[in-house]
Amino acid sequence: MTSPHDPYVRVRGAREHNLRNADVDIPRDTLTVFTGVSGSGKSSLAFGTIYAEAQRRYFESVAPYARRLIHQVGAPAVGEVTGLPPAVSLEQRRSAPGARSSVGTVTTLSNSLRMLFSRAGDYPAGAERLDSDAFSPNTAAGACPGCHGLGRVHRTSEELLVPDPGLSVREGAIAAWPGAWQGKNLRDVLDALGYDVDRPWRELAPADREWILFTDEQPVVTVHPVREAGRIQRPYQGTYMSARRYVMHTFADSKSATLRAKAERFLSSEPCPVCGGTRLRPEAMAVTFAGRTIAELAGLALTELADVLAAAGGDGTARVLTADLLARIGTVTELGLGYLSLDRTAPTLSSGELQRLRLATQLRAGLFGVVYVLDEPSAGLHPADTEALLAVLGRLKESGNTVFVVEHQMDVVRRADWLVDVGPLAGEHGGRVLHSGPPAGLAGVAESATRRFLFPDAPPEPREVRAPSGWLRLRGVERHNVRGVDASFPLGVFTAVTGVSGSGKSTLVGQVLAGALADSGAGPDSGEREQVAAGYARAEGLDAVDRLVQVDQRPIGRTPRSNLATYTGLFDVVRKLFAATPLARERGYRAGRFSFNVTGGRCETCQGEGFVSVELLFLPSTYAPCPDCHGARYNPPTLEVTLRGLNIAQVLDLTVESAAGFFAGTPAAARSLGTLLDVGLGYLRLGQPATELSGGEAQRIKLAAELQRARRGHTLYLLDEPTTGLHPADVEVLMRQLHGLVEAGATVVVVEHDMAVVAGADWVIDLGPGGGDLGGRIVAEGPPVQVARAPESRTAGYLRAALGRA
């Protein structure tokens with residue numbers, strides 16, 4: 001029996017996901033780090049068991065009616081957990097925040113700034129004092145009526161809608177109209193209305209052109225279709241819709257991302273003419289503090305905003321409110337985010353930046369006796385910024401809290417008071433607690449994959465730097481904080497782009513370089529990507545690249561119906577194999593029968609989801625396995641068809657590693673599975689929903705899908721922080737693949753903070769020296785050994801240490 005003053009959190013019999021009846025004791029009031037390879041079960045222990053149990057206990061104390069309103073995780077599969085205080089989780093949420101969410105709203109700094117303007121702002125003579133809501137673009141009281149508080153309006157013009165005025169309407173002059181029957185219908189309606197659809201567009205009267213493109217009228221007219229041989233077409237009532245109305249309607253309401261992207265090509269986004277992009281009503285913009293409007297202060301980097309507020313002075317109310325704001329800004333800048341402005345929208349932030357903003361908010365909350373569970377807080381952090389993060393975690397602990405961190409960064413692991421190592425490998429080969437104790441004790445655990453990185457034995461041999469086969473040069477780059485930069489990227493080698501958070505790495509690579517290549521025809525169709533204004537004055541060497549492949553960390557699907565097998569195309573192969581079995585042929589089942597997304601083979605009770613929502617009176621609706629298929633997703637006749645003893649549901653439940661053995665004799669399936677194994681994803685299940693995958697896993701699945709394609713011409717691969725969320729052992733596997741692409745003749749450019757990866761690159765471009773306005777310059781470039789000696793670079797010292805180890 002544990003005493004009520006037992007200083008340990010004790011977990012007994014944890015069986016969540018792949019955990020194998022794990023027992024572990026962790027002291028409270030410590031900084032404890034959970035380590036292990038990707039998929040080993042460390043997150044299942046920290047989040048799936050410890051945090052989930054703390055949350056479940058808290059909900060048990062909440063009234064049932066209130067419980068319905070809160071999204072709950074289920075009770076974890078665990079024997080018992082004792083000594084567990086209340087817990088706060090700070091995960092790297094993959095869900096995309098809305099366009100109205102910003103740095104100010106995430107940190108609640110906007111609330112304090114609005115209160116400052118409401119109570120202590122300088123109002124025009126005779127103006128009424130405004131409530132703080134009037135300074136928010138997200139409320140009816142404050143939002144500009146012209147753009148509804150978004151700051152931008154979408155417009156279209158004749159030039160965008162009719163790119164070639166030499167064509168007639170019948171020849172397709174109005175490029176914005178839909179294709180196929182819908183477009184023909186609009187042309188026939190226009191003809192029936194008496195407009196000339198066969199004369200070149202430029203020869204039509206200006207008034208007619210204006211009406212055709214921009215009218216809001218929707219006249220209904222009888223259309224007599226032109227007779228076609230062998231087809232009888234009866235007259236019908238057709239409704240006219242102008243090109244502008246069609247484009248606006250599609251952009252605002254269409255559920256299809258492809259149709260919305262096509263519509264966006266015919267729109268220009270510009271600052272709202274009513275508010276000038278400030279998002280607020282004129283009454284709010286007339287109020288100032290320290291001589292500036294609220295929009296001007298929200299547009300400053302937090303470090304500059306702090307300087308303005310500190311110099312402002314003011315009466316008692318102003319002093320109290322500015323002191324509170326300065327204290328709140330201080331915690332954000334301490335975490336290396338001083339380059340952000342309050343109006344920076346949340347979708348443009350990385351998941352690491354978002355998590356650190358939430359961490360800053362928690363630090364100000366001043367809670368005591370709480371367990372904080374953090375998911376890789378160092379993700380996306382330069383080693384220089386990791387120092388500040390460790391200081392903040394130390395302060396949380398000193399305030400009387402327990403800090404549990406799931407982490408891969410060895411510098412963080414070395415600073416922990418307690419280390420829980422889970423493994424030894426991923427999936428079914430993991431799930432055991434190998435070590436729980438001070439970090440030094442891991443040195444004696446031979447089967448730990450973490451041990452050799454925490455206590456390196458002999459340094460690996462330095463690698464010979466490859467010579468470039470050519471150069472891709474961007475002159476006069478101007479975008480965000482990257483100002484007047486000339487950047488040169490070597491071809492046929494591995495290039496790492498480094499720099500502290502906010503120094504301009506993702507801007508230079510992900511936006512300007514990717515945009516230049518896409519505009520040159522190397523990238524995907526321009527309608528499928530974000531429209532990128534050039535951002536550079538001149539480019540050289542773009543024609544040497546035939547194909548651009550951008551591999552990012554965005555989810556591979558938004559719903560549980562999208563999974564590993566569907567994304568990689570493996571599911572198509574599997575369904576054809578099942579359709580070719582004797583029983584399936586005898587019953588006339590085709591490949592579609594084995595899809596859980598369409599009627600026929602799926603279980604109709606749960607519509608192929610595998611679970612149903614159970615509505616409970618006065619209690620939260622909960623998800624339970626489907627009572628008919630018990631989670632298998634298919635109906636009984638479909639499950640009767642087996643392939644070498646397994647039905648389709650059992651095949652989807654195989655891990656990639658098991659499936660590789662099962663499909664060894666099927667070349668099409670073996671190739672897909674082989675590339676997934678090559679990028680270290682052998683532990684994932686084939687049917688694992690896309691919503692359960694981390695950003696790092698999604699990125700590696702995309703890379704695996706790319707690796708199995710036939711190579712054509714010179715390909716340039718762009719990856720933004722590919723090692724995020726990866727254990728050093730998994731980083732080695734990934735790097736072998738990326739260097740393999742270079743050996744095969746491709747070019748690889750990565751934005752990276754992992755110094756082991758940078759040390760192994762052929763060329764390094766280091767941006768900085770700081771973040772925001774203090775960054776945006778190339779401070780050093782060249783082979784890693786050369787950059788490690790650059791006096792102005794904040795990366796150099798850390799790269800020197802990595803090269804010393806290498």
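Tutor: Let's start with the largest cavity, which has a volume of about 40 Å³. A cavity here is a set of points on a 1 Å grid over the protein atoms alone, where a 1.4 Å probe fits but cannot get out. The volume is the space filled by probe spheres set on those points, with grid points joined across faces, edges and corners. Rolling a probe the size of a water molecule over the atoms shows where empty space is left.

Keep in mind that this is a predicted model, where local features need pLDDT of at least 70 and side-chain atom pairs count only at pLDDT 80 or more, while totals for chains, interfaces and linings use all residues. Residues are numbered from 1 along each chain as its sequence is written, and side-chain values use heavy atoms, with hydrogens and water left out.

So who lines that largest cavity? Its lining is Thr 107, Leu 109, Arg 328, Thr 331, Val 332, Ala 360, Thr 361 and Arg 364, where a lining residue has an atom within 4 Å of a point. Two elements give two or more residues each to this lining: α13 (316-334) and α14 (351-365). Helices like these are DSSP runs of H or I, at least four residues long, while strands are runs of E with at least two, all numbered from the N terminus. Sorted by class, the lining has three nonpolar, three polar and two charged residues. For that sorting, Ala, Val, Leu, Ile, Met, Phe, Trp, Tyr, Cys and Pro count as nonpolar, Asp, Glu, Lys and Arg as charged, and the others, Gly among them, as polar.

Now look at the loop between α13 and α14, where you'll find Ser 341. Ser 341 counts as buried because its relative accessibility is 13% (buried means under 20% relative accessible area, exposed over 50%, partly exposed in between, using a 1.4 Å probe and protein chains only). Leaving aside residues up to four places away in sequence, Ser 341 touches Val 103, Ala 298, Gly 299, Leu 300 and Ala 301, with contact meaning heavy atoms within 4.5 Å. The side chain of Ser 341 also makes a polar contact of 2.7 Å with that of Asp 343. Such a contact is a pair of N or O atoms within 3.5 Å; within protein, one must be able to donate a hydrogen and the other to accept it, and residues adjacent in sequence count only if both atoms are side-chain atoms. For a sense of scale, 33 Å separates the C-alpha atoms of Ser 341 and Val 247, which are 94 residues apart along the chain.

Strand β23 (residues 763-768) supplies the largest share, three residues. By class, this lining divides into four nonpolar, four polar and two charged residues.

One last stop, on charged partners. The whole structure has 37 salt bridges, each a side-chain nitrogen of Lys or Arg within 4 Å of a carboxyl oxygen of Asp or Glu. One of them joins Arg 452 and Glu 732, with the closest N and O atoms 2.7 Å apart. That pair links distant parts of the chain, 280 residues apart: Arg 452 is in helix α17 (residues 451-454) and Glu 732 in helix α27 (residues 728-743).

Key:
1 Å grid on protein atoms, 1.4 Å probe; cavity = no way out; pocket = protein on both sides within 12 Å on 5 of 7 lines; lining within 4 Å.
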